[in-house]
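Hi,

Here is the structure I said I would pass on. Have a look at it first, and then read on for what turned up.

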Amino acid sequence: MTNSKTRFMKPCSTKPLYRVPVPLFLSFFLFATLLLSGCDEDDHKHDHEGELITTLTLTFQETDAGGVPVPGAAPLAFTWRDLDGEGSNLPVIQNITLKAQSKYRLSVTVLDEANNEDISAEIEAEKEEHQFFFISSGVNIAVAYNDQDANSRPVGLVNNVTTNAAGQGTFRVVLRHELDKNASGVSAGDIANAGGESDIDASFPVTVSQ
Amino acid sequence: MRSGLLLTLFFGFALGCFGQECAYELRGVVEDEAGDELAGATVLLREDIGAVTSADGSFRFEGLCPGVYNLLIKFVGYEDITIPARVPASRQVVIKLKSSVHMLHDIVVQGQHSERHGVTQSLSFLSDEELTPIRGKALGEMLQEVPGVNSIVTGPAIFKPVIHGLFGQRILILNNGVRQEGQQWGIEHAPEIDSYVASELEVVKGSESVRYGADAMGGVILVNPMPLHFSPGTGGEINIASASNNRMGAFSGMFEGGVPSLPGWGWRVQGTLKKGGDFHTPEYNLSNTGMTEGNLSFTTGFRKERKSLEVYLSTFNTRLGILRAAHTGNLNDLQESIERERPWFIREFSYDINNPRQAISHHLGKLKTILDISPQTKLQMQYAFQYNQRREFDIRRGSEDVPSLSLNLFSHLADVVLDREFGSRTESVGINITYRDNDNVRGSGLLPDYAQFTSGIFFTEKIRRQKWVYELGGRYDYQQLRPVMFDNRVLITPAFSFHYFSATAGASVHPGPAVRLSSNLSFSSRPPHVSELYSQGLHHGAASIEEGLMLRNGEILTGRNNINTETSFKWVNTFQWNTETAGIELTAYANALNNYVFLAAAETRLTIRGFFPVFQHRQTNAFMGGSDLTVSYRLSESIQYSGRLSLLYATDRSEGNRLPFVPPANTRNSVTWTYGNAGKMKSIFVSLISDFTAEQKSAPRTIYPEELSGQSISETFDFMPAPSSYFLLSLRAGFTVPSSNRDFNVSFSVDNLLDTVYRNYMNRLRYFADEPGRNFSIRLRYKFHSH
């Protein structure tokens, strides 16, 4: 029941050697241990940590009322990044800046940059078990899901965002895993009855300006 | 009876005899095998005429007529003996008594196998008979029958023994004389031992560090199988158990015998299979708490006049489901779980074991030889190897079969002990060598790869003087520890050396036949375990990050000066008093621990899942003191009452932190009716047992998960208040159908008879769900033998 960030990788050549004199019969058994435990060649490649998420990127592409991207408006990407996972280095969080009274397409990307893993692809592969929730406070930002899983339930990797009046606040993104998408309000974006586990619960400071 | 009264009686007797002829005297002295006089022994000349030996062990009868008298001598703790004595006698009769190994009302412990542990310690013993109604339970659960022993529980199936407040790397388990080498540092790691192997369990509630080394600082649990049979003929036992709450079935079989063509050789084969599904509380299922277990063991050996040999091989394999609802993503999830009435994940009953789960294999091999070098000297040599593989699987995306923790621990253990007896003195000198090699296959941060070499040399001395037994012992250990780790992709291989020692001194006295007092003072040392030094990781069930004491401000330290050896200075006193109808045992102890390693709240840290509290292993000075009281009283011919009460007080002397996982006060009271026989059924009994566990009033203060966010925390805390006190009732009953070479035993029990809803403070998963409800179980045991 543990998840961790540091890995005690074990290269072959560093089996500790004892300089403590050991009687002969014990040496035989030590030798037997080395033979039996052997040297694991595969250790340098870590299969699929899977549980480490280092980076959450929100990409906002301004659109018109019909959802068509506005030409000339470059997508804005904001990242929440914590490269050492549970380690003590502080995460680096970007400040989201959006225009008031506008519409955006919001795409969510999740990465494990420490192991070069694309977690959004894994989420995509297990869509039925994942859903993002977007909770803003201090400023009114409406988010509507724009994708679906096999059961016609939303996922949250692609969304339509509408900003309203200018202001400053917090934009919180929660990713729930193995939740109950059929519980009341969940498909509308209300996290209250969702259950499951939070794999991401990251808050960005957000500024909506004229 | 006083000699004076006796004289009067004999005067009367003498008057009935013919004059001078019946004025003879019979004198004698009663001694034990070592030649020490025994005061207070009963010497019966006739059924109604007897004497009690005085302080120098002597007795005298006067006014006897010539003839041969059969003297019957009885003394508590010794075998009765009948000796013919002729009157007139030219000199006094010297009577030597042999000690017996009987239990008196389960209270007085006669120091069974006393060469394996001290006799001045606080000891408890669960005999085969006492284990019968609870067989099939996990080892840690069975040990809860012993006063002073509790468990840290993870869900309904994982029990980790706690003796007088100490657990983990401070408790040693001896599995058939071999120190159990698993990942016992882990709070959710139960001992990997087949509980059916035990025909008796002994618990030493005090330091046996002198005899066994650092891990015995808190106590030793000895799992003892039956000794091998070396005579020809075969025998065996079949055990079947079934329980209703988790629809569990267990089957264990044992066959043993001699080898007809090889006199003096014996063998035994034993195996166990267990399967259980989800448990349930009175209100809902505890989904994903199933378990399976499959074990096999083989013993063979011989016993000749002056030597014996034993070979033992065993394998233990288990898969355990961890309550699904206990797996949280972050503090918010934990807050929701705490607030909910029912866990968020509840499904229909199933035997399936899904993630999160544990899969453990433990293989053991032992070779032991005992040589009687001389009538007084015995040499024991033992070599054992163990291979422990532990895999823990978490909730993850992608494949379910990729473990999040995979540890392989290979251990070699060699012990050489010389025991010598010089009359009333017993001396032991020995050397223990252990080599451990741990391989962290997945590289996850809980425990690094390491190699550890420990060697220790010890001596113990036991001296008997009349009614006293004195014990003394000392030990010196040398340990080398070499972990292998990566710090930001740079390989580091620190090497640590530890020199530490332990000592023990104790005395016990039998002032009278029914009373025994003992006192023991022990000093023990323990270098912190590598997991306490270098662990690093997020514990989902605990919603917290734990870090080793060598991790400071994101840096991995390698200096030896950062590590202090933990020491314990424990004083334990035991008083036992026993009569035919009543018995009492009181143990009181005080333990001053310096550089005691524990988890202290350090800070809150922001991660992509939100804030988590960070607990760091730190060393502080602590104190643990308490008492265990056991009482038994025979209310009538067939009704007996027994009760026990345990209290423990623990504190951090240096910083006033409240320590976590301190067992709250608990008391058990039971009444047992024994009916003699009814047709073929014999030894029928019914017991009603009530357990009361108090609320832990000294629990660390509560900070709810939602209250923690970016603030600094310096004091130990708990996410939820301690559960309220609760009262549980259970019922046990059973009978035996014996016959000449077969034995059939049946026992029924109902645990949590009233289907009480409660939470246990010592359960790590009490934030998520209640404890299991009513459980009916039945156990059948069939023993047969042809020798």
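First, a term you will need: pLDDT is the predictor's confidence in each residue, on a scale from 0 to 100. A contact here means heavy atoms within 4.5 Å. You need both because this is a predicted model.

With that in hand, take chain B. Its average pLDDT is 88, and 94% of its residues score at least 70. Over residues 3–20 of chain B, though, the pLDDT is below 50, and the model gives this stretch 19 contacts beyond near neighbours in sequence. Residues 101–114 of chain B also stay under 50, and there the model has 39 contacts beyond four places in sequence. For the complex, the predictor gives an ipTM of 0.79 and a pTM of 0.82.

Now to helix H5 of chain B, which covers residues 331–339. Which of its residues are buried? They are B:Leu331, B:Asp333, B:Leu334, B:Gln335, B:Ser337 and B:Ile338. The cover over them draws on both chains: it includes strands S11 (167–177) and S12 (197–209) of chain A, along with strand S38 (610–634) of chain B. Look at the start of H5(B) too, where a side-chain oxygen of B:Asn330 comes to within 3.1 Å of the backbone nitrogen of B:Asn332.

Next, the cavities. S37(B) supplies the largest share, four residues. By class, the lining of the second largest cavity has 21 nonpolar, 14 polar and nine charged residues.

Is B:Asn578 buried or exposed? Its relative accessible area is 6%, so B:Asn578 counts as buried, the cut-off being under 20%. B:Asn578 and B:Tyr633 are 55 residues apart in sequence, with their C-alpha atoms 9.9 Å apart in space.

Cheers

Methods. Residues are numbered from 1 along each chain as its sequence is written. Chains are lettered from A and ligands numbered from 1 in the order in which they are written. This is a predicted model: local features need pLDDT of at least 70, side-chain atom pairs count only at pLDDT 80 or more; totals for chains, interfaces and linings use all residues. Side-chain values use heavy atoms; hydrogens and water are left out. Buried means under 20% relative accessible area, exposed over 50%, partly exposed in between (1.4 Å probe, protein chains only). Helices (H or I, at least four residues) and strands (E, at least two) are DSSP runs, numbered from the N terminus. A polar contact is a pair of N or O atoms within 3.5 Å; within protein, one must be able to donate a hydrogen and the other to accept it, and residues adjacent in sequence count only if both atoms are side-chain atoms. Ala, Val, Leu, Ile, Met, Phe, Trp, Tyr, Cys and Pro count as nonpolar, Asp, Glu, Lys and Arg as charged, and the others, Gly among them, as polar.
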